[in-house]
Amino acid sequence: MRNNKSNKFLLAVLFFFVFIFIFSFQATATGETDLYFFWGDGCPHCSNAKPFLEKLKTEYPNLNIKSYEIYKNEDNKKLFAALGDVYAEDIRGVPAFFIGDDAFAGYTASMNSYIRQLVENCVINNCESPIEKLNKKKFVNINQNSNQNNQTGRYNTKLNSPEKSEQDSNIKFIFLSIFIVLIASFIFLKKIRNSK
């Protein structure tokens, strides 16, 4: 009788850990929202936007604000132009914002509620990151070029950014950690049961 109760207890604990694992993995895999913010050193509107973005980050912990200065950094300027092409927007000035399916330039305090609404929408609906949109366009362009030239070959379909790779690594680490805790708990509880 005691053995049957301890088996049920072990099974209940195992299901509990499996439930925690599944919930944690889903929470980590989704819910991250990327806002790309382009600014220029000395731009007054950019400076005015920064405190609001910092406040927004505290309100939405899963909001990743990717900040890029474009006046002095050529790589950031190229990324800015590439995202403008992806969004089919003629955005030339800063501050500029890219989030979900939306891109716009300029900032005044009257835009705070609009930006907050875009962030809320993306947090709820798990919007695609601007860098993912850019990577998809690169992949489509590679395929179109290969079809036009009648070339066959293999292309790298994983056009991941460093940020995406880091997120994937974090998810794998959490997955592995929970799995190890689950196995260790099961072994520990089994030893306790066998010692009685």
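I take helices (H or I, at least four residues) and strands (E, at least two) as DSSP runs, numbered from the N terminus. On that basis I find 6 helices and 4 strands in the protein, and from the N terminus on the elements run α-β-α-β-α-β-β-α-α-α.

**Model and conventions.** I am reading a predicted model, in which local features need pLDDT of at least 70 and side-chain atom pairs count only at pLDDT 80 or more, while totals for chains, interfaces and linings use all residues. Residues are numbered from 1 along each chain as its sequence is written, and side-chain values use heavy atoms, with hydrogens and water left out.

**Confidence.** I looked up the pLDDT, the predictor's confidence in each residue from 0 to 100, and the protein averages 78, with 66% of the residues scoring at least 70. Residues 24–29 stay under 50, and for them the model has 6 contacts (heavy atoms within 4.5 Å) beyond four places in sequence. Over residues 146–165 the pLDDT is also below 50, and this stretch has 18 contacts in the model beyond near neighbours in sequence.

**Burial and surface.** I count a residue as buried under 20% relative accessible area, exposed over 50% and partly exposed in between (1.4 Å probe, protein chains only); of the 196 residues, 32% are buried. The accessible surface, from the Shrake-Rupley method with a 1.4 Å probe, comes to about 12800 Å², of which 57% belongs to carbon and sulfur atoms.

**Nonpolar core.** I define a nonpolar core as a set of buried Ala, Val, Leu, Ile, Met, Phe, Trp, Tyr and Cys residues joined through side-chain atoms within 4.5 Å. The largest one has 35 residues, of which L35, F38, F97, F98 and I115 touch the most other members. At least two residues of this core come from each of β1 (33–39), α2 (44–59), β2 (63–69), α3 (74–86), β3 (96–99), β4 (102–105), α4 (112–125) and α5 (130–148). I then followed F97, which, leaving aside neighbours within four places in sequence, is in contact with residues including L35, Y36, A49, L53, F104 and I115.

**Disulfides.** With a disulfide taken as a pair of cysteine sulfur atoms within 2.5 Å, a search of the whole structure gives 2. One joins C43 to C46 (S to S 2.4 Å); the torsion about its S-S bond is about 85°, so this disulfide is right-handed, and both C43 and C46 are buried. The other joins C122 to C127 (S to S 2.3 Å) and is left-handed, with -85° about the S-S bond. C122 is buried at a relative accessible area of 2%, whereas C127 is partly exposed at 22%.

**Salt bridges.** I use a side-chain nitrogen of Lys or Arg within 4 Å of a carboxyl oxygen of Asp or Glu as the criterion, and the structure holds 7 such salt bridges. E59 pairs with R116 (3.0 Å, N to O), which links helix α2 to helix α4 across 57 residues; E59 is partly exposed, with a relative accessible area of 34%. K133 meets D101 with the closest N and O atoms 2.6 Å apart, and this pair joins helix α5 to the loop between β3 and β4, 32 residues apart. K133 is buried at 17%, while D101 is exposed at 64%. I note also that D101, E128, K133 and K136 are linked in a network of salt bridges.
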